[in-house]
Amino acid sequence: MKIIIDTFGADYGIGIPIEGAIEALKSKEFIPCFSGEKEKIEKIIDGRIKSYEIIDAKEKIENNEDPVRAIRKKKESSLVKGFNKLNEEGYDGLVSSGSTGAILASGLFISGRIEGIKRACIATSLPTYENTSLLLDTGANMDCKAEFLKEFAIMGHVFAKNVLNIENPSVSLLNVGIEEHKGNKLSKETYKLLKASSLNFVGNIEARDLFTGKTNIIIADGFDGNIAIKTAEGVISLFGKEIKDAIYKSVKTKIGGALIKDSLKENLSKYNSDGIGGAPLLGVKQYVYKAHGNSNKKAFASAILGLIDYINTDTIEKIKGELK
């Protein structure tokens, strides 16, 4: 299996994707194909990987660039060259922590959409109190129609069933209340479509229940989904700092903290995004994973391993079958 790795997207430099690949190779066998500056990549690898490929690319697409214009103008960028290589026979998937917009645009215009899908979306796994939930979209589509959200639900259903091994995943709509009549025009129209579908639709869900595990799939447009996930990440980070400050407040609290340290670490570890690493871009013809921009090597390794699981389940073909 050959996995294309965009080395130009990570916030902390090209070393992160490379070190992440080395870490992932400890768990699964694959051939990494690094897209980026050849000399710098080889210097960081320094003989630590036996079999690998390099797509020599000098340009980087920045987060502040217009995505569509950037992929058309920067043909020599690591992302565009990586997506073009992905269309060739023998390459199985691509992972990048670069611009979400550029990854989406490349997926749509270079890889192409699955027939019957009008919009691709990003599906983010959420660690919950009981199990794992899937939130989609989390940033690919800021403006949506009800029919797009229904497509997200169908793709989420197939992904949850095959990758997360949930037999009959429940589907909920992110809304301001659980009542059917609540929400804006988009929410109400989407509710009707999901209710009339063959999906296991269980109604609306509020943002405060994102991590409770009440449902397997949570549907939202990219604007609301992105705000929800980033708010949650901020609260979890702040909560962790508050706990740490409370433990180190006095000698008494330090003793108490020492007693509960292992249990606390075990319970909170599942909310660490490093273990998830990234999210699939659903709706395009190739297997693509979006890693976090602020990934460390562990998180990037998790994204690579998640992509491999996504590929091995043949999910794209199953999405095509579901649409038929």
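Q: How do strand β10 and β11 pair, parallel or antiparallel?
A: Strand β10 (residues 278-282) and β11 pair in the antiparallel sense, over three bridges. Two strands count as paired if DSSP finds at least two bridges between them. Helices (H or I, at least four residues) and strands (E, at least two) are DSSP runs, numbered from the N terminus.

Q: Which residue of β11 does Ala279 stand opposite?
A: Ala279 stands opposite Lys290.

Q: What are these coordinates based on?
A: This is a predicted model, in which local features need pLDDT of at least 70 and side-chain atom pairs count only at pLDDT 80 or more, while totals for chains, interfaces and linings use all residues. Residues are numbered from 1 along each chain as its sequence is written, and side-chain values use heavy atoms, with hydrogens and water left out.

Q: What is the strand order in the open sheet?
A: The eleven strands follow the order β3-β2-β1-β4-β11-β10-β5-β6-β9-β7-β8, with mixed pairing.

Q: Which strands stand at the edges?
A: Those are β3 (53-56) and β8; each has a single partner strand, so one side of each is left without a neighbour in the sheet.

Q: And how do β7 and β8 run, parallel or antiparallel?
A: Strand β7 (residues 170-174) and strand β8 (residues 200-205) run parallel and are joined by five bridges. The chain passes from β7 through helix α7 (residues 185-196) to β8 in a right-handed β-α-β crossover; right-handed here means that, with the strands pointing away from the viewer, the path from the first strand over the helix to the second runs clockwise.

Q: Which residue in β8 is the bridge partner of Leu173?
A: The partner is Asn204.

Q: What is Thr190 in contact with?
A: Leaving aside neighbours within four places in sequence, Thr190 is in contact with Ala146, Leu149 and Leu173. Contact means heavy atoms within 4.5 Å.

Q: Which residues of helix α11 are buried?
A: In α11 (residues 315-323), the buried residues are Thr315, Ile316 and Ile319. They cover an arc of only 100° around the axis, which puts them on the same side of α11; the arc is that of the directions from the helix axis to the C-beta atoms.

Q: What covers them?
A: The cover includes α6 (146-162), β11 (287-291) and α10 (297-312).

Methods: Buried < 20%, exposed > 50% of the residue type's maximum accessible area, 1.4 Å probe, protein only.
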